[in-house]
Amino acid sequence: MTEETITPPTADTASSAQPGPQPDGATVPEPGTGGGRKRPRVLRAVARWTAAVLVCGGLGAGTAYGIAGMERHEVPGLATESDGRWQYPKLSLPALPEGMPRPFTYGNEGEIHHADLRKLVLPAPVGAKPDKSLDGGWTTVDQYLAEYESHERPALKQALTDHAVRHIAARGWTMPDGTATRIYLLRFNSVAFTTAFQDQDLEFGGEAGKDLRGGPEMKTDELWTMPEETTTSSYAFQEAEPYGAEQTRQAYIVAGDTLALIVQSRKGSAPAVPFHQTVVLQNQLLG
């Protein structure tokens with residue numbers, strides 16, 4: 001089965017021939033004065049000028065149409081200032097095993113992700129420095145639990161054993177401005193196990209639940225809005241002020257048998273725009 005693309009992004013020149021110069025004092029004879037041999041030259045000159053006008057007019061119209069059909073940022077001199085979004089590679093859903101449906105479609109009542117979980121982790125944006133320990137492949141339970149405070153880890157580790165987590169895939173990167181991002185995808189045997197881990201162990205929903213490493217005091221991200229017509233559930237939080245040397249943002253996505261954790265932080269403050277963009281795109285890959 002082929003991959004499915006996710007739909008989130010020269011000037012022409014021409015010359016025209018002109019009539020050559022006429023000899024000094026040359027005139028176009030009047031009809032019937034013996035100038036019959038010179039008249040075709042005049043007609044050819046007029047024809048050449050007419051063609052040149054039409055070509056230039058056509059080029060002008062074509063250029064105007066081309067500019068009108070371009071986005072503002074694609075027109076030289078009309079580029080707008082970036083709103084903070086990162087440039088991600090073109091995203092596509094990975095191919096499925098033969099005969100297997102995508103989650104949230106007819107025939108997949110269990111909301112199971114049959115695709116390779118590693119191919120569902122959001123790729124790093126352009127210009128990012130990859131985290132070698134989180135390269136988009138499989139990672140361990142302990143690596144995932146390292147995101148939480150040390151006193152939270154023993155109980156969460158036992159819960160992951162009890163709920164039979166199958167795989168954990170992860171990717172991390174750091175942007176030139178210092179924003180660090182880490183994404184973990186946890187796949188369970190069923191939606192019931194995912195929900196149980198959410199409600200009974202992580203305890204997030206209206207609140208962020210278990211404390212992240214460093215113990216930031218998290219509050220609901222009031223600017224976050226669930227994407228329309230989504231088949232998943234997403235929850236976004238941000239570190240409350242005062243947040244000291246750096247600010248942390250956190251999000252969970254519950255998508256059938258799979259749970260995602262996204263953690264983003266930066267010294268000073270962590271901007272909302274790339275964080276929300278990251279959550280939206282990861283949500284699309286899982287939905």
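Biologist: Which residues does threonine 258 touch, leaving aside those up to four places away in sequence?

Modeller: In this predicted model, threonine 258 touches His113, Leu117, Leu185, Leu186, Arg187, Thr194, Ile253 and Leu286. Threonine 258 itself is found in strand 9, and its side chain is joined to that of aspartate 257 by a polar contact of 3.0 Å.

Biologist: Is threonine 258 buried or exposed?

Modeller: The reading rests on a cut-off, since buried means under 20% relative accessible area. Threonine 258 has 0% relative accessibility and therefore counts as buried.

Biologist: How should I read the pairing of strand 9 with strand 8?

Modeller: In general, strands of a sheet pair through backbone hydrogen bonds, either parallel or antiparallel. Here strand 8 and strand 9 (residues 258-267) run antiparallel and are joined by ten bridges, with threonine 248 standing opposite serine 265 in strand 9. The hairpin of these strands has two residues between them, and in it glycine 256 takes a positive phi near 65 degrees.

Biologist: Which strand pairs with strand 9 over eight bridges?

Modeller: That is strand 5 (residues 180-187), which pairs with strand 9 in the antiparallel sense, and there isoleucine 183 stands opposite isoleucine 262 in strand 9.

Biologist: How many bridges join strand 7 to strand 8?

Modeller: Six bridges join strand 7 (residues 233-239) to strand 8, and the two run antiparallel; alanine 236 stands opposite alanine 251 in strand 8. Their hairpin has six residues between the strands, and glycine 244 takes a positive phi near 70 degrees in it.

Biologist: What is the order of the strands in the open sheet?

Modeller: The open sheet has seven strands in the order 3-4-5-9-8-7-6, with antiparallel pairing. Strand 3 (129-138) and strand 6 (218-220) stand at the edges, and because each has a single partner strand, one side of each is left without a neighbour in the sheet. From one strand to the next, the twist averages 15 degrees.

Biologist: Why is strand 8 described as largely enclosed?

Modeller: As a general point, the side chains of a regular strand alternate between the two faces of the sheet. In the present case, nine of the ten residues of strand 8 (residues 246-255) are buried, so this strand is largely enclosed by the rest of the structure.

Biologist: Which strands does helix 5 lie across?

Modeller: Helix 5 (residues 272-286) lies across strand 5, strand 7, strand 8 and strand 9, and runs at about 20 degrees to strand 8.

How values were computed:
Residues numbered from 1 in each chain as written. Predicted model: local features only at pLDDT ≥ 70, side-chain atom pairs only at ≥ 80, totals over all residues. Heavy atoms only, no water. Buried < 20%, exposed > 50% of the residue type's maximum accessible area, 1.4 Å probe, protein only. Helix = DSSP H or I, 4+ residues; strand = E, 2+ residues; numbered from the N terminus. Pairing = 2+ DSSP bridges. Polar contact = N/O pair within 3.5 Å; in protein donor to acceptor, adjacent residues only side chain to side chain. Contact = heavy atoms within 4.5 Å. Axes fitted to C-alpha atoms, helices over the stretch in contact; angles between N-to-C directions.
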